[in-house]
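Notebook open. I want to go through salt bridges, helix packing, nonpolar cores and the surface, in that order.

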Amino acid sequence: MRYTSQPPKRHLVKRLVVVVIIVILLLIAGTIAVRHVYFENLKPVSTTSQQGQRITVQKGATVDEIAKQLKDAGLIRSTWAFRLYVSSKEVRDQLEAGTYVLEPSLSVPEIVSQLTHGKVATDLVTIIPGQRIDQIRNTLKNYGFSDAEVAKALDPATYAGNPALVDKPSGVGTLEGYIYPDSYQKTSATDAQQVVAAALKEMDGKLTPELRAAFAAHGLSTYDGLILASIIEQEVSNPADRAQAAQVFLKRISIGMPLGSDVTAYYGSIAAGKEPSLLFDSPYNTRLHTGLPPTPISNASQGSLEAAAHPATTDYLYFVAGDDGTTHFSHTLAEHEAATAQYCHKLCSQ
């Protein structure tokens with residue numbers, strides 16, 4: 001007769017039931033623990049009132065970038081909890097650019113509420129990178145300045161002899177590209193002209209002799225450099241990719257190839273009072289015309305100014321912005337079309 005050491009089948013079933021119960025209990029306990037940690041990380045960093053921190057959320061900033069900004073400033077406990085909260089409330093696309101004064105005694109829900117409702121600091125006027133002159137006009141009006149006051153503040157004739165405008169062609173009747181993006185102090189006595197004058201002074205400080213010389217080394221006037229920087233600002237969201245984008249545009253200029261920039265075409269149609277269109281024929285449509293457009297198409301951050309002055313040493317001829325914000329560069333049209341098909345679905349269908 002043969003004997004076996006295996007337990008009867010019913011014992012195996014009992015053991016399996018016990019294992020399943022243990023696993024379920026562990027999952028429940030783990031879920032409770034994770035939820036506890038999550039809600040703890042939504043609480044304020046401090047329970048005592050402290051001086052608020054100024055945080056400027058840039059146009060196009062990702063949730064990850066905003067979370068890191070807040071964490072580095074000591075305003076939230078955890079970046080992952082902040083990201084999870086924003087995702088769970090489906091407010092990712094409602095976070096507004098601007099300068100905010102936030103206290104460590106605010107919880108994540110309170111901080112997100114301020115960011116989604118645009119409760120910006122009222123003692124600062126914030127000009128966001130990549131804003132067109134018409135958008136800056138609306139920004140100034142939203143800060144309480146009158147239409148007449150804003151019109152005078154944005155008239156180049158108001159600033160005759162201003163050193164920041166020394167390179168502006170005399171026939172250009174706009175300050176497009178010259179109002180440097182930053183936050184400017186505002187009191188009850190501040191007028192719109194003082195804000196714009198401060199922005200021009202800031203721009204003059206950015207246009208150093210070294211930057212001007214770097215533009216010239218690539219065959220660009222200082223005004224050309226501003227134009228190129230504005231296109232880079234609009235085209236490329238990732239600062240790390242801007243020098244390579246500058247290289248692409250400069251190479252295209254050097255071989256007489258149209259820049260092919262969608263954002264310049266859109267600017268031309270908007271400036272003409274039309275809906276944004278790639279087909280509208282204007283001097284700004286670099287899909288139809290070679291060379292740079294006549295003026296900048298927005299203001300530009302220092303990163304874009306530096307990229308235009310110091311392009312990468314790569315040898316690309318094409319790039320496309322992917323749906324995830326990554327810029328994909330190519331040497332040939334075939335490579336570019338393949339990258340577009342692979343990485344650009346939502347953006348390229350607009």
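**Salt bridges.** I looked up Arg 212 first. Its salt-bridge partner is Asp 167, and the closest N and O atoms are 2.1 Å apart. This is a predicted model, so I take the distance as a computed value. The two partners sit in distant parts of the chain, 45 residues apart. Arg 212 belongs to helix H8, while Asp 167 is in the loop between H6 and strand E4 (183-185).

How many salt bridges does a search of the whole structure find? I get 10. I noted two more of them.

Arg 83 meets Asp 64 through their side chains, at 3.4 Å from N to O. Arg 83 is in helix H3 (residues 79-88) and Asp 64 is in helix H2 (residues 63-72), so this pair ties together parts that are 19 residues apart in sequence. Arg 83 has 30% relative accessibility and counts as partly exposed.

Glu 40 pairs with Lys 43, with 2.7 Å between the closest N and O atoms. Glu 40 is partly exposed at 27% relative accessibility. Lys 43 is also partly exposed, at 39%.

**Helix H9.** Next I tested the length of this helix. H9 covers residues 222-235, which is 14 residues. At 1.5 Å a residue, H9 should span 20 Å. I find its end C-alpha atoms 20 Å apart, so expectation and model agree.

Is H9 mostly covered or mostly open? It is mostly covered, with 12 of its 14 residues buried. The buried set includes Thr 222, Tyr 223, Gly 225, Ser 230, Glu 233 and Glu 235. Leu 226, Ile 227, Leu 228, Ala 229, Ile 231 and Ile 232 are buried as well.

I then asked which elements the buried residues of H9 pack against. The helices are H7 (192-206), H8 (209-217), H10 (242-254), H11 (262-271) and H12 (302-309). Strand E5 (318-321) is on the list too.

**Nonpolar cores.** The largest nonpolar core has 56 residues. Within this core, Leu 140, Phe 145, Leu 154, Ile 179 and Val 196 touch the most other members. Helix H5 (133-142), helix H6 (147-153), H7, H8, H9, H10, H11 and H12 each supply at least two residues. H9 gives the most, with seven residues.

Leaving out residues up to four places away in sequence, Leu 140 touches Val 125, Phe 145, Val 150, Leu 154, Val 195 and Val 196. Another core lies apart from the largest one. This other core has 24 residues, among them Leu 70, Ala 73, Leu 75 and Val 108.

**Helix H12 and its neighbours.** In H12 I list Ser 304, Leu 305, Ala 307, Ala 308 and Ala 309 as buried. The buried residues of H12 pack against H7, H8, H9 and H10.

Ala 307 is buried, at 4% relative accessibility. Ala 307 touches Ile 232, Arg 242, Ala 243 and Ala 246, not counting residues up to four places away in sequence. I also checked Ala 307 against Gln 244. These two are 63 residues apart in sequence but 8.0 Å apart in space, C-alpha to C-alpha.

Gln 247 is in helix H10. With a relative accessible area of 6%, Gln 247 counts as buried. Which residues does Gln 247 touch, not counting residues up to four places away in sequence? I find Pro 311, Ala 312, Thr 314, Asp 315 and Tyr 316.

**Surface patch.** Last entry. A nonpolar patch on the surface is formed by Val 13, Leu 16, Val 17, Val 20, Ile 21, Ile 24, Leu 25, Ile 28 and Ile 32. Together they have about 800 Å² of accessible area. Ile 21 has 44% relative accessibility, so I count Ile 21 as partly exposed.

Key: Residues numbered from 1 in each chain as written. Predicted model: local features only at pLDDT ≥ 70, side-chain atom pairs only at ≥ 80, totals over all residues. Heavy atoms only, no water. Helix = DSSP H or I, 4+ residues; strand = E, 2+ residues; numbered from the N terminus. Expected span 1.5 Å × (residues − 1). Buried < 20%, exposed > 50% of the residue type's maximum accessible area, 1.4 Å probe, protein only. Contact = heavy atoms within 4.5 Å. Core = buried A, V, L, I, M, F, W, Y, C linked by side-chain atoms within 4.5 Å. Patch = residues over 30% accessible without salt bridge, like charges linked within 9 Å, V, L, I, M, F, W, Y side chains within 5 Å. Areas by Shrake-Rupley, 256 points an atom, 1.4 Å probe, with all protein chains shown as cover. Salt bridge = Lys/Arg side-chain N within 4 Å of Asp/Glu carboxyl O.
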